[in-house]
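Open the model in your viewer and keep the selection tool ready. We will go from the whole chain to single residues, one stop at a time.

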Amino acid sequence: MSDAALRPHRRESEVNGILDPSRYPLASVALAVAAVVVITVVGFTLGSVDLGLAKALNELHTGALGAFTTAVYHVISPGPAIGITVVVVGVIWWRARDLRPALAFGGTIAITWVPSAVVKELVHRARPDVSVLPHPFPVQPDPSYPSGHTVYITAFVIALVWVLRDSRWHHLAVTLGIVAIVVVFFAVAIDAVHYPTDAAASILWSLAVAPGVRVVWVDWLMPRIPFLRPRGLRVR
């Protein structure tokens with residue numbers, strides 16, 4: 001029996017699925033660009049079209065459910081969300097013994113998430129009117145569309161599912177990730193800090209934009225950075 005057969009499997013094989021090259025890179029990038037344009041344009045047309053639904057969901061903001069949705073909103077606010085991402089980046093780096101999948105994960109989330117804040121300022125859709133809500137949340141200073149919380153959690157789940165693509169945890173990550181996205185969708189809608197259409201557009205944003213972001217960051221840019229370049233790879 002060879003020495004190679006006696007060695008344990010290397011841990012990095014379980015957490016580097018995000019490094020697998022895209023089968024359709026140009027299509028992924030084109031879809032991401034088109035999604036940004038379409039979602040931005042749609043934002044200008046919404047106004048308060050779903051205010052009635054926002055009010056109906058806000059009726060649920062009582063007791064334990066109201067406390068839970070508010071906690072969810074605070075836990076993935078920008079500061080804590082960045083902290084969570086940094087911790088997971090560190091765990092991936094430790095598990096893989098390789099910085100590349102860790103930075104692929106963090107970069108994919110960041111580059112998907114940050115541009116949504118630019119669109120939010122550009123569209124400048126007002127938050128649901130607290131004067132007509134049954135359980136108004138404290139007024140938020142920034143615009144409403146899209147929901148940064150929902151963009152973040154969706155991008156986080158997508159990136160984590162890619163990281164775990166080749167591991168036994170992949171299916172569990174998909175299942176729990178879908179649950180997390182649904183929970184955040186209803187949390188921001190029940191708190192009425194966002195219209196339901198804000199949260200729905202945010203899920204679509206990450207689903208469409210993240211694959212293109214991964215192509216640009218992981219497949220195209222990272223190999224051009226010397227310390228992130230796979231060994232033996234020559235970049236022309």
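**Stop 1: the whole protein**

Show everything as a cartoon. Remember that this is a predicted model. From the N terminus on, the order reads α-α-α-α-α-α-α-α-α. The trace spans about 75 × 40 × 25 Å.

The accessible surface comes to about 12500 Å². Carbon and sulfur atoms hold 70% of that area. The protein has 236 residues, and 47% of them are buried.

Next, think about contacts. Take the contacts between residues at least 6 apart in sequence. Of these, 82% join residues at least 24 apart.

Colour the charged side chains. There are 19 positive and 14 negative ones. The centres of the two sets lie 13 Å apart.

**Stop 2: aromatic pairs**

Select the aromatic side chains. The count comes to five aromatic pairs. A pair of aromatic rings is described by two things: the distance of the centres and the angle of the planes.

Begin with Tyr73 and Phe137. Tyr73 is in helix α4, residues 63-75. Phe137 is in the loop between α6 (99-123) and α7 (148-163). The two parts are 64 residues apart in sequence, so the pair ties them together. Are Tyr73 and Phe137 buried or exposed? Tyr73 has 5% relative accessibility, so Tyr73 counts as buried. Phe137 also counts as buried, because its relative accessibility is 10%.

Now jump to Phe185 and Phe186. This pair is edge-to-face too. The ring centres are 5.1 Å apart, and the planes make an angle of 80°. Check the surface at each residue. Phe185 is buried, with a relative accessible area of 17%. Phe186 is partly exposed, at 39%.

**Stop 3: a cluster, and a charge over a ring**

Select Phe105, Trp113, Tyr152 and Phe156 together. These residues form one aromatic cluster.

Then move to Trp94 and look at the face of the ring. Which residue lies over the face of Trp94? The residue is Arg95, at 5.8 Å from the ring centre.

**Stop 4**

Select Ser116 in helix α6. Its relative accessibility is 2%, so Ser116 counts as buried. Show what surrounds it. Leaving aside neighbours within four places in sequence, Ser116 is in contact with Pro146, Val151 and Trp205.

Look at the peptide bond from Tyr145 to Pro146. Is this bond cis or trans? The bond is cis, with omega near -10°. Most peptide bonds are trans, and most residues other than glycine have a negative phi. Keep the second point in mind for the next stop.

**Stop 5: two positive phi angles**

Select Arg97, in the loop between α5 (78-96) and α6. Phi of Arg97 is near 55°, a positive value in a residue other than glycine. Its relative accessibility is 67%, so Arg97 counts as exposed.

Now select Ala192. You will find Ala192 in the loop between α8 (170-190) and α9 (196-221). Phi of Ala192 is positive, about 60°, although the residue is not a glycine. Is Ala192 buried or exposed? Ala192 is buried, with a relative accessible area of 4%.

**Stop 6: Val161**

Finish in helix α7, at Val161. At 16% relative accessibility, Val161 counts as buried, because the cut-off for buried is under 20%. Which residues does Val161 touch, not counting those up to four places away in sequence? Val161 touches His170, Ala173 and Val174.

Last, draw a distance from Val161 to Phe105, using the C-alpha atoms. The two residues are 56 residues apart along the chain. Their C-alpha atoms are separated by 9.9 Å. Phe105 belongs to the aromatic cluster from Stop 3.

How values were computed. Residues numbered from 1 in each chain as written. Heavy atoms only, no water. Helix = DSSP H or I, 4+ residues; strand = E, 2+ residues; numbered from the N terminus. Buried < 20%, exposed > 50% of the residue type's maximum accessible area, 1.4 Å probe, protein only. Contact = heavy atoms within 4.5 Å. Areas by Shrake-Rupley, 256 points an atom, 1.4 Å probe, with all protein chains shown as cover. Lys, Arg positive; Asp, Glu negative; His and termini not counted. Charge placed at Lys NZ, Arg CZ, Asp CG, Glu CD. Phe/Tyr/Trp six-rings, centres within 6.5 Å; stacked < 30°, edge-to-face > 60°. Lys NZ or Arg CZ within 6 Å of the ring centre and 35° of its normal.
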